[in-house]
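Subject: Structure handover

Hi,

Here is the structure for you to look over. My notes follow below it.

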Amino acid sequence: MQYNTVGRERKGSVTSVHSVSNWFSSLRRTPKKGKVVQKSTYTSRSEWDLTSKKFSGSKLQLKDELCEVVAEMESLDSADDGKNSNKTKMMSMGRKKFNMDPKKGIEFLIEKGLLQQTAESVAQFLLKGEGLNKTAIGDYLGEKNEFNEKVLQAFVDLHDFRDLILVQALRQFLWSFRLPGEAQKIDRMMECFAKRYCDCQGENNIFQNSDTCYVLSFAIIMLNTSLHNPSVKEKPTVEQFITMNRGINMGQDLPRELLEGLYESIKTEPFKIPEDDGNDLMHTFFNPDKEGWLWKQGGRYKSWKRRWFILNDNCLYYFEYTTDKEPRGIIPLENISVREATDRQKQHCFELYASGGADFIKACKTDSEGKVVEGKHTVYRMSASSEEEKQDWITRLQQSISHNPFYDMLATRKRKAQHNSKN
């Protein structure tokens, strides 16, 4: 005799756990009407009572069957516990695989039957996000293939933006994952967001088309950076924010009170960037473009120090040790160029230098007291371990500081929002 799962049919005389319960209840004889039993003085002993010393052959057989049922139920509980434990282990393994390689992680979970091979099932898993790396979620949602795009649409549709102003909807949306660095991925994801937000507003939608929502969303994100990034010295005013968004609603201006409200909301409370589960260093610098040891020349004092460098998301980070969770310095690869260099003390040198009209490289580092200070370098000089390593660093850096097409996309979308007719 076997049980498959709780409540399912069992082969034999007893068909379910519910039936077993009823069968146990039937063993208690109902007292005859009119006869009151005093519990304090007398305990009823049914002819079915298994504690009686007068067992007949049928009663012994019944006891054996009872013992068999109880043993099987205990075995069932044990099997279920083992099954659930194995499922939990598989799910945990799937999450780890996802954090290392999102595509392989999803394939593993589908193969093990923990996810269905549908966009809705995967989207719900990603939105729940338990134990998942937010950067990996963003990378998976941004991939350009048919299934990933369906997952993205299902993921966005799971968000309810009704009765939310745009900045509130953005806070909710951007908390569920981290925007990837690639322009094309950002474009697809924010386009889905804009359309979903407009759909949720129904008759209360003030935007003439979703392009207006798209452009204003990015204006809010850029405002957040400008107001709360310590490296930005000149903070935009509310008037500048309003001017920047003139005519984006099919050639018309958005209500002034709306833009003022958005500005004050961001000024009062910046966007919160979701923190990834697990090791901060592994997730923050997930899948870097390049990493390795380099010698770095100091700015004020021209001494050389060995630092661990990580190139990722158009930034160059350097650490004192590979185990450090926070970088000693960050060099954004904006208005910057790279070239080979020669030095009397070190071989295989290259350097980053200010370009594009910039007087110095905008960077920051931590001083000896742990405070973040702004760097004033015109040049960052590094030395690699070999000529091959030097050339590889130069190539990777050049790829990272190349022109970002996203700003062209945003400009095109803004022109479309200003002149296109309503969708």
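How many salt bridges does the count come to? There are 17, where a salt bridge is a side-chain nitrogen of Lys or Arg within 4 Å of a carboxyl oxygen of Asp or Glu.

First, the ground rules. This is a predicted model: local features need pLDDT of at least 70, side-chain atom pairs count only at pLDDT 80 or more, and totals for chains, interfaces and linings use all residues. Residues are numbered from 1 along each chain as its sequence is written, and side-chain values use heavy atoms, with hydrogens and water left out.

**Salt bridges**

E389 and K290 meet through their side chains at 3.2 Å, N to O. E389 lies in helix α13 (residues 387–400) and K290 in strand β1 (residues 290–297), so this pair ties together parts 99 residues apart in sequence. Helices (H or I, at least four residues) and strands (E, at least two) are DSSP runs, numbered from the N terminus. K290 is buried at 10% relative accessible area; E389, at 23%, is partly exposed. The cut-offs are under 20% for buried, over 50% for exposed and partly exposed in between (1.4 Å probe, protein chains only). K290 and E389 also belong to a salt-bridge network with D392 and R396.

R381 pairs with E351, closest N and O atoms 3.0 Å apart. R381 sits in strand β9 (residues 379–383) and E351 in strand β6 (residues 349–354), so the pair ties together parts 30 residues apart in sequence. Both residues are buried.

D160 bridges to R162 at 2.7 Å between the closest N and O atoms. D160 is partly exposed at 35%, while R162 is exposed at 53%.

**Cores**

A nonpolar core is a set of buried Ala, Val, Leu, Ile, Met, Phe, Trp, Tyr and Cys residues joined through side-chain atoms within 4.5 Å. The largest has 62 residues; L126, L166, L216 and I220 touch the most other members. Helix α9 (residues 210–228) supplies the largest share, 10 residues. Beyond four places in sequence, I220 is in contact (heavy atoms within 4.5 Å) with residues including L166, F241 and F271. A second, separate core of 21 residues includes Y318, L352, A354 and M382.

**Strands**

Strand β3 (residues 315–319) runs antiparallel to β4, joined by 4 bridges; strands pair if DSSP finds at least two bridges between them. L316 stands opposite I331.

Regards
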